[in-house]
Amino acid sequence: MMDNNSLEILAKTSVEIAANAAAHYISMNNYHYNIDTLLTAIKSKVKLYLPDTLYEVKEAFDCNMELIGVTNFRATMAKAGIEAAQEACYR
């Protein structure tokens, strides 16, 4: 079981990865956004993807494939950020 500090770090890291991906997507596509709408979408997408992603990461770690687990986690959180930006942004 994870302690509160570990859960806080996990949550912060998840949102940071998603927010960075969203910011990059927005910048590359010259989109506009409402910050509250975007943050709500990011939180929603992270919450949606996190349980399955953590299961997959654990499976990878159990097989001594830590790099695969970390890469999968980062890619999935980036996907969450991009999907959030697609939902929340406009031209």
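**A walk through the helices and loops**

Let's start at asparagine 30, which sits in the loop between α1 and β1 (32–33). What we have here is a predicted model, and in it asparagine 30 has a positive phi of about 55°, even though this residue is not a glycine. That is worth a glance, because most residues other than glycine have a negative phi. Is asparagine 30 buried or exposed? Its relative accessible area is 60%, so asparagine 30 counts as exposed.

With a relative accessible area of 64%, asparagine 64 is exposed.

Now step back and take in the whole protein. Its secondary structure comes to three helices and two strands, and from the N terminus on the elements run α-β-α-α-β. The C-alpha trace spans about 45 × 25 × 15 Å along its principal axes. Of the 91 residues, 33% count as buried. The protein exposes about 6300 Å², with carbon and sulfur atoms supplying 57% of that area. As for how the chain comes back on itself, take the contacts with a separation of 6 or more: residues 24 or more positions apart account for 76% of them.

On to the helix packing. Two packed helices are described by the angle between their axes and the distance between the axes. Take α2 (residues 35–62) and α3 (residues 66–88), which pack at an angle of about 160° with their axes 8 Å apart. An angle over 145° counts as roughly antiparallel, and α2 and α3 are therefore roughly antiparallel to each other. The crossing in which α2 passes α3 is right-handed. By class, the residues in the contact of α2 with α3 divide into 17 nonpolar, five polar and six charged.

Leaving aside residues up to four places away in sequence, lysine 45 touches Ala80, Glu83, Ala84 and Glu87.

Next comes α1 (residues 4–29) against α3. At what angle do α1 and α3 pack? The angle is about 50°, and the axes are 7 Å apart, which makes α1 oblique to α3. α1 passes α3 in a right-handed crossing. On the α1 side, the contact is made by Leu10, Thr13, Ser14, Ile17, Ala18, Ala21, Ala22, Tyr25 and Ile26; on the α3 side, by Phe73, Arg74, Met77, Ala78, Gly81, Ile82, Ala85 and Gln86. Sorted by class, the residues of the contact of α1 with α3 come to 12 nonpolar, four polar and one charged.

That leaves the pairing of α1 with α2. These two helices pack at an angle of about 125°, their axes 10 Å apart, and α1 and α2 are therefore oblique to each other. The crossing of α1 past α2 is right-handed. Here Leu10, Ser14, Val15, Ala18, Ala19, Ala22 and Ile26 in α1 meet Leu38, Ile42, Val46, Leu50 and Leu54 in α2. The contact of α1 with α2 has 11 nonpolar residues, one polar residue and no charged ones.

Isoleucine 26 turned up in the contact of α1 with α3 and in the contact of α1 with α2, so let's zoom in there. This residue of helix α1 has a relative accessible area of 8%, so isoleucine 26 is buried. Not counting residues up to four places away in sequence, isoleucine 26 touches Tyr31, Tyr33, Leu38, Ala85 and Cys89. How far apart in space are isoleucine 26 and glutamine 86? They are 60 residues apart in sequence and 8.5 Å apart in space, C-alpha to C-alpha.

Finish at another spot on helix α1, glutamate 8. Its relative accessible area is 58%, so glutamate 8 is exposed. From glutamate 8 to serine 44, the separation is 36 residues in sequence and 17 Å in space, C-alpha to C-alpha.

Methods
Residues numbered from 1 in each chain as written. Predicted model: local features only at pLDDT ≥ 70, side-chain atom pairs only at ≥ 80, totals over all residues. Heavy atoms only, no water. Axes fitted to C-alpha atoms, helices over the stretch in contact; angles between N-to-C directions. Helix = DSSP H or I, 4+ residues; strand = E, 2+ residues; numbered from the N terminus. Parallel < 35°, antiparallel > 145°, perpendicular 65-115°, else oblique. Left-handed = near helix turned anticlockwise from the far one by under 90°. Nonpolar A, V, L, I, M, F, W, Y, C, P; charged D, E, K, R; others polar. Buried < 20%, exposed > 50% of the residue type's maximum accessible area, 1.4 Å probe, protein only. Contact = heavy atoms within 4.5 Å. Areas by Shrake-Rupley, 256 points an atom, 1.4 Å probe, with all protein chains shown as cover.
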